[in-house]
Amino acid sequence: MIQAAKHEKVLVRVRINGKLYAEEVEPRRLLSDFLREDCGLTGTHVGCEHGVCGACTVRVNGAAVRSCLMFAVQAADAEITTVEGLSLHGSRHPLQDALSECHGLQCGFCTPGILMSAAEFLEEHQDPTTEQIEEMLSGHLCRCTGYKGIVEAIAKVAKEQKDR
Amino acid sequence: MKPASFNYYRPSTLEETLQLLLDCGDEGKLIAGGQSLIPILNMRLSSLEHVIDINGLRELDFIRLEEGILKIGGLCRQRSLEKSPTVKEVAPLLSEAVPFIGHVQTRNRGTVGGSLVHADPTAEIPLSLLALDATAIIQSAEETREVPVQDFFITYLTTDIAPTEMLTEIQIPVDTLPKGYAFVEFSRRHGDFALVAAACLLDTDEDGTITAGRLAIGGVDAVPMIAQEAMDVLLGEKLTDALLEEAGQIAAENTDPEGDLHASREYRLHLAKVFTKRAIRKAYERSLQKLGGGTQP
């Protein structure tokens with residue numbers, strides 16, 4: 001059993017984008033703050049901090065989840081992918097190119113979260129309908145684009161995947 | 001926004017968990033998916049003394065079909081329920097209801113048991129399990145109880161579970177479930193809290209006469225409710241537009257919704273009628289299809 005009293009720090013070891021991190025944090029430390037403040041991975045954005053906006057979405061053991069609705073201590077021993085992990089070897093993820101080409105972003109605040117959700121979505125859907133893409137995107141708020149470009153970008157990558 | 005400090009425990013067995021609950025008494029709180037609890041803590045609407053994290057209890061993360069009973073572990077994720085071919089086959093009402101819950105990103109973490117115990121009056125899981133006549137298995141260090149979901153809800157966010165107890169399993173008797181089913185709901189935007197939701201299960205004979213059924217409505221009272229009187233007018237009858245109108249009217253009259261900034265009382269009453277009718281019609285049509293024919297009303 002893991003146990004920590006109030007204000008007592010616990011050691012959290014976690015693999016993020018293939019690299020091992022070990023940091024001491026209080027159990028109340030949100031995963032989103034852990035990634036940004038303790039690990040220095042500021043690609044994950046923090047918007048509403050109560051699970052509505054989707055900006056902080058990361059992948060924990062493959063599943064896209066809100067990092068503001070998890071404590072860092074709960075991610076101990078997990079494999080996490082953040083937006084930094086999408087372009088590890090210097091080349092952009094096809095979704096990143098497509099968002100750029102389809103005008104799927106303006107200010108870019110929501111983009112990291114959308115990328116993480118869309119990456120999981122495309123692994124599970126070989127030939128998604130527009131409706132399915134929109135349903136997945138319902139978990140993300142974008143105040144710039146009106147979503148049209150984002151839907152187009154995801155559909156574009158899906159089609160490229162299928163044609164390959 | 002940061003939650004206030006708490007004492008944290010992450011037990012690795014059910015036995016440890018139940019003992020912790022006993023030791024912490026009124027001040028202990030379980031966290032499973034945390035998709036309702038963590039927002040409350042982040043916004044400091046509440047603070048906790050002891051947080052007992054049950055995410056290490058892998059033994060409670062299961063979906064099993066045993067002798068006509070669908071058994072869902074307390075820690076089963078909503079996403080697992082959504083993807084389960086077993087659930088789709090034996091309790092398709094659940095498969096239809098789950099996509100309405102929040103978003104895929106919250107369903108990846110949120111649990112079935114957590115939603116039932118949280119008992120939001122507009123939530124999909126409590127409503128579906130009520131319609132399915134499920135039973136909750138509640139355990140403490142001292143005893144194990146079986147509580148029919150029908151008797152589980154007390155009022156807003158309050159259920160028949162003591163601070164020292166936890167929900168470990170949900171059981172649904174699937175052999176006797178009616179073949180027609182429907183889950184419908186209305187919300188302002190996809191993934192928002194439902195204003196009104198309705199779940200219906202129906203069986204018909206070869207003539208299209210309704211022989212059995214259950215109807216449940218959510219969002220119209222402090223707890224999800226069974227609309228028995230509306231179902232009673234349907235039993236022994238074939239569905240006609242007039243009968244459907246009557247059932248919808250009765251269902252709505254028996255609800256007592258409160259108005260809030262999302263919808264007025266009058267609007268919720270209107271929705272209760274409309275969505276009850278939609279649920280009944282859809283379940284009826286599916287029941288006829290299962291029989292392989294029959295005329296549609």
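Trainee: Which residue takes a positive phi just after H8(B)?

Mentor: That's B:Asp133, with a positive phi of about 55 degrees. Helices here are DSSP runs of H or I with at least four residues, strands are E runs of at least two, and both are numbered from the N terminus. Keep in mind that this is a predicted model, where local features need pLDDT of at least 70 and side-chain atom pairs count only at pLDDT 80 or more, while totals for chains, interfaces and linings use all residues. Residues are numbered from 1 along each chain as its sequence is written, chains are lettered from A and ligands numbered from 1 in the order in which they are written, and side-chain values use heavy atoms, with hydrogens and water left out.

Trainee: How many residues of helix H8 of chain B are buried?

Mentor: Buried means under 20% relative accessible area, exposed means over 50%, and partly exposed is in between (1.4 Å probe, protein chains only). For H8, residues 124-131 of chain B, the count is eight of the eight, so the helix is largely enclosed by the rest of the structure. Among them are B:Glu124, B:Pro126 and B:Ser128.

Trainee: What does A:Thr111 touch?

Mentor: Contact means heavy atoms within 4.5 Å. A:Thr111, which sits in helix H3 of chain A, touches A:Leu99 and A:Leu105, leaving aside residues up to four places away in sequence. Its relative accessibility is 9%, so A:Thr111 counts as buried.

Trainee: How is chain A divided into domains?

Mentor: Domain bounds come from an automatic or database domain assignment. For chain A they give domain 1 (10-85) and domain 2 (92-163), with C-alpha centres 22 Å apart. In contact are 18 residues of domain 1 of chain A and 14 residues of domain 2 of chain A.

Trainee: What area is buried between domain 1 of chain A and domain 2 of chain A?

Mentor: Buried area is the accessible area (1.4 Å probe) that two parts lose on being put together, summed over both. Between these two domains of chain A that comes to about 1,200 Å², with carbon and sulfur atoms giving 59%. A:His45, A:Arg59 and A:Val83 supply 41% of what domain 1 of chain A buries against domain 2 of chain A, more than any other three residues.

Trainee: How many salt bridges are there between domain 1 of chain A and domain 2 of chain A?

Mentor: A salt bridge is a side-chain nitrogen of Lys or Arg within 4 Å of a carboxyl oxygen of Asp or Glu. The count between those two domains is one. The side chains of A:Glu123 and A:Arg59 meet in a salt bridge at 2.8 Å, N to O.

Trainee: Now the two chains: how many residues of chain B are in contact with chain A?

Mentor: It's 38 residues of chain B, meeting 34 residues of chain A. The two chains bury about 3,100 Å² between them, 53% of it on carbon and sulfur atoms. B:Ser5, B:Tyr8 and B:Gln105 supply 22% of the area that chain B buries against chain A, more than any other three residues.

Trainee: How many salt bridges lie across the interface of chain B and chain A?

Mentor: The rule finds six. B:Lys2 pairs with A:Asp33, the closest N and O atoms being 2.7 Å apart. B:Lys2 lies in the segment before E1 of chain B and A:Asp33 in helix H1 (residues 31-38) of chain A, so this pair joins two chains. B:Lys2 is partly exposed at 37% relative accessible area, whereas A:Asp33 is buried at 6%.

Trainee: Where does B:Glu245 lie, and where B:Lys273?

Mentor: First, their side chains meet in a salt bridge at 2.5 Å, N to O. B:Glu245 is in helix H10 (residues 241-253) of chain B and B:Lys273 in helix H11 (residues 265-290) of chain B, so the pair ties together parts that are 28 residues apart in sequence.
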